[in-house]
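Here is a briefing on one protein model.

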Amino acid sequence: MEGSERTRPSAQRVSGGLLAEITRALKGKDIEALSRIYADDAVIEEVSGRHPPAHPSVTTGRQAILERLKDELFRDPVSGWARQLDAMEILDGIETDDGLAFTEVRVYAAGDRVVAQHLARKRNGLIGHDRVVVAWDAE
C-alpha cells in the first residue's frame with residue numbers, strides 16, 4: 001500500500017528548480033549555464049560503453065565539468081570529430097529537495113542519438129554528485 005500524503009516523499013515534476021534550469025540550458029545549447037547547476041566541487045560519475053562500471057569516468061569540479069560538457073556535447077568520443085548538435089531535451093524528470101533524476105536526449109545532425117539517465121544528489125541547491133548512465137547509437 002502506498003504511503004499517505006504525510007509520509008510519501010515530495011517528488012514531483014517541477015516548473016522551477018534545477019530541472020527547469022537544465023531544460024532551459026539544454027534547449028538553448030548554453031553549456032555555461034548548464035555547468036552552473038553544479039557545485040564548485042561537484043562530481044560527475046559516468047558509466048557507458050566506453051567507461052564500464054569497474055572504471056567509470058569521474059570528473060570533479062565545476063570548471064572541469066564545464067570543459068567536459070563542451071568536449072562531450074560537440075565532439076565524437078571515439079573519432080574526435082566535431083559534431084553538430086541539433087537538439088537536446090529532457091524527457092522525464094523528478095526533483096526533490098535532496099536530489100533529481102532525469103533522462104536527457106541529444107540528437108545530432110547525422111541523425112544519431114544519445115540518451116543519458118542522471119541520478120543526482122543536491123547540496124545547497126546545486127548538484128553535488130551526478131551519476132549518469134550514457135547510451136550512444138551504435139552506428
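A polar contact is a pair of N or O atoms within 3.5 Å; within protein, one must be able to donate a hydrogen and the other to accept it, and residues adjacent in sequence count only if both atoms are side-chain atoms. By that rule, a polar contact of 2.8 Å joins the side chains of Glu 104 and His 118. This is a predicted model, in which local features need pLDDT of at least 70, side-chain atom pairs count only at pLDDT 80 or more, and totals for chains, interfaces and linings use all residues. Residues are numbered from 1 along each chain as its sequence is written, and side-chain values use heavy atoms, with hydrogens and water left out.

**Confidence**
- The average pLDDT (the predictor's confidence in each residue, from 0 to 100) is 84, and 83% of the residues score at least 70.
- Residues 1–15 have a pLDDT below 50; beyond near neighbours in sequence, this stretch has 15 contacts in the model (contact means heavy atoms within 4.5 Å).
- Where pLDDT is low, the predicted coordinates should not be read in detail.

**Overall fold**
- The protein has three helices and six strands. Both are DSSP runs, numbered from the N terminus: helices are H or I with at least four residues, strands E with at least two.
- From the N terminus on, the order is α-α-β-β-α-β-β-β-β.
- Of the 139 residues, 40% count as buried. Buried means under 20% relative accessible area, exposed over 50%, partly exposed in between (1.4 Å probe, protein chains only).
- Among contacts between residues at least 6 apart in sequence, 45% join residues at least 24 apart.

**Strand β4**
- Glu 104 sits in strand β4. Its relative accessible area is 7%, so Glu 104 is buried.
- Beyond four places in sequence, Glu 104 touches residues that include Leu 73, Glu 89 and His 118.
- Ala 101 is also in β4. At 25% relative accessibility, Ala 101 is partly exposed.
- Ala 101 and Arg 121 are 20 residues apart in sequence and 8.8 Å apart in space, C-alpha to C-alpha.

**Lys 122 in β5**
- Lys 122 lies in strand β5 (residues 113–123).
- Its side chain makes a polar contact of 2.7 Å with the side chain of Glu 95.
- A polar atom of the Lys 122 side chain also lies 2.8 Å from the backbone oxygen of Thr 96.

**Positive phi in loops**
- Lys 29 is not a glycine, yet has a positive phi of about 55°. Lys 29 is in the loop between α1 (17–27) and α2. At 35% relative accessibility, Lys 29 is partly exposed.
- Asn 124, not a glycine, has a positive phi of about 55°. Asn 124 is in the loop between β5 and β6. Its relative accessible area is 78%, so Asn 124 is exposed.
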